[in-house]
Amino acid sequence: PVSSTLYGPSFLAGEVGGSVTHQCFYSTTPANRQDRKYWCKVVRGGVCSTIISTTGYTSKEHQGRVSLQDVPQNGTFVVTMAELAESDAGIYRCGIGSTNRDLFAYLNLTVSAGAGALGTTQLVQGELHGSVMVLCPPGDSQSNEKRFWCKVVRLSCLLIADTDGYVARSHQGRISITPQGSSGAFKILINDLKKDDSGLYRCGTGRLSSWGSPQLVALQVTTASTLPRRPKFLTGTVGGSLSIKCHHDPKGSYEKKYLCRWKAGSCSLLLDLDGFVDKSCKGRVKIDSSDQGPGTYTVVLSQLREEDAGWYWCGARNRHTEHTAPLKLLIQKG
């Protein structure tokens, strides 16, 4: 059976005589990878009339100006329509299944004279319980404007986090959003990935309602996870000490391994394995050098205080990627 999620951008704009490319993203189950992919247009009576499918069918009026390319290993298929006419505007579906009523996502295509194209969609994949990093481009605005990350839900975008410190309840302790230097670009880190994190997102600058620099990101969470569920909560006592065991890919080469403290959508560095220790915990935090197996390092936090309670992240990064994992400290009185 066809299963799980399928999604893509809800809007597409093209100009007369030009072309549009639409990406559809699906979860990479064996059934989804092998099944028929299709692209159809909703006509009178709500019927969806097939334009092209992976069975080799192309409708007469679209011969020579439509293509569909399926990339099963990435869980994505791409439809391109060229030589656009105003009559091409309307509601379309991209979908999977033997009929056009199975798994699908709707899309509204507008065709006008001189429309200006929307940006392409960036595909980001992560494992269940794992983490992902997304780099958002600067956009055209001044670098002091608010940055945001939101999830596209039907025709609106649900705010997940912004650089003013807002974080949605579903992402408490597991997302950070940080500007990258003076370019105006910014970085999103999300960890403890869940199945329902899959979907289409926007990262942008300024107000959520202004579609100023709509960078679209398709996030796919693969369920075939090799990552174990690690305990997320650690309990300590005021005055006592705690060991925090951090894990990373033993085969990875990392420039920096660290522990940071998470608050309101940002994570401030407490210590790293190069010897940095933040002044807020000087003398009470150290790396346990006797407990560093392959792919692990242990941080010991001593002389615990009530205010140490909260979210922390273990992190490991290199030039191309950054892996983070959250944990919450609960501190009890003696």
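Tutor: The questions below concern nonpolar cores and aromatic rings in this predicted model.

Student: In the largest nonpolar core, which residues touch the most other members?

Tutor: The core in question holds 26 residues. Those that touch the most other members are V134, W149, I175, I188, I190, V217 and L219.

Student: From which element does the largest share of this core come?

Tutor: The elements that give two or more residues to this core are β11 (132–136), β13 (156–162), β14 (175–179), β15 (186–190), β16 (199–205), β17 (215–222), β20 (256–263) and β24 (310–317). The core draws at least three residues from each of domain 2 (122–222) and domain 3 (232–332). The largest share, four residues, comes from β15.

Student: With which residues is V217 in contact, leaving aside its neighbours within four places in sequence?

Tutor: V217 belongs to the group that touches the most other members of the core, and V134 and W149, which belong to that group too, are among its contacts.

Student: Is W39 buried or exposed, and is Y92 buried or exposed?

Tutor: Buried requires a relative accessible area under 20%. The value for W39 is 2%, and for Y92 it is 0%. W39 is therefore buried, and Y92 is likewise buried.

Student: How are the rings of W39 and Y92 arranged?

Tutor: The structure holds six aromatic pairs, one of which joins W39 in strand β4 (residues 37–42) to Y92 in strand β8 (residues 90–96), 53 residues apart. The ring centres are 5.0 Å apart and the planes lie at 15°. Planes under 30 degrees apart count as stacked, so the pair of W39 and Y92 is stacked.

Student: How are the rings of F233 and W311 arranged?

Tutor: F233 lies in strand β18 (residues 233–237) and W311 in strand β24, 78 residues apart. F233 is partly exposed at 48% relative accessibility, whereas W311 is buried at 14%. Their ring centres are 6.4 Å apart and the planes are at 50°, so the pair is tilted.

Student: Over which ring does the charged end of R93 sit?

Tutor: The distance from the charged end of R93 to the ring centre is 3.9 Å. The ring is that of F104.

How values were computed:
Residues are numbered from 1 along each chain as its sequence is written. This is a predicted model: local features need pLDDT of at least 70, side-chain atom pairs count only at pLDDT 80 or more; totals for chains, interfaces and linings use all residues. Side-chain values use heavy atoms; hydrogens and water are left out. A nonpolar core is a set of buried Ala, Val, Leu, Ile, Met, Phe, Trp, Tyr and Cys residues joined through side-chain atoms within 4.5 Å. Buried means under 20% relative accessible area, exposed over 50%, partly exposed in between (1.4 Å probe, protein chains only). Domain bounds come from an automatic or database domain assignment. Contact means heavy atoms within 4.5 Å. Rings of Phe, Tyr and Trp (its six-membered ring) pair if their centres lie within 6.5 Å; planes under 30 degrees apart count as stacked, over 60 as edge-to-face and the rest as tilted. A charge sits over a ring if NZ of Lys or CZ of Arg is within 6 Å of the ring centre and within 35 degrees of the ring normal.
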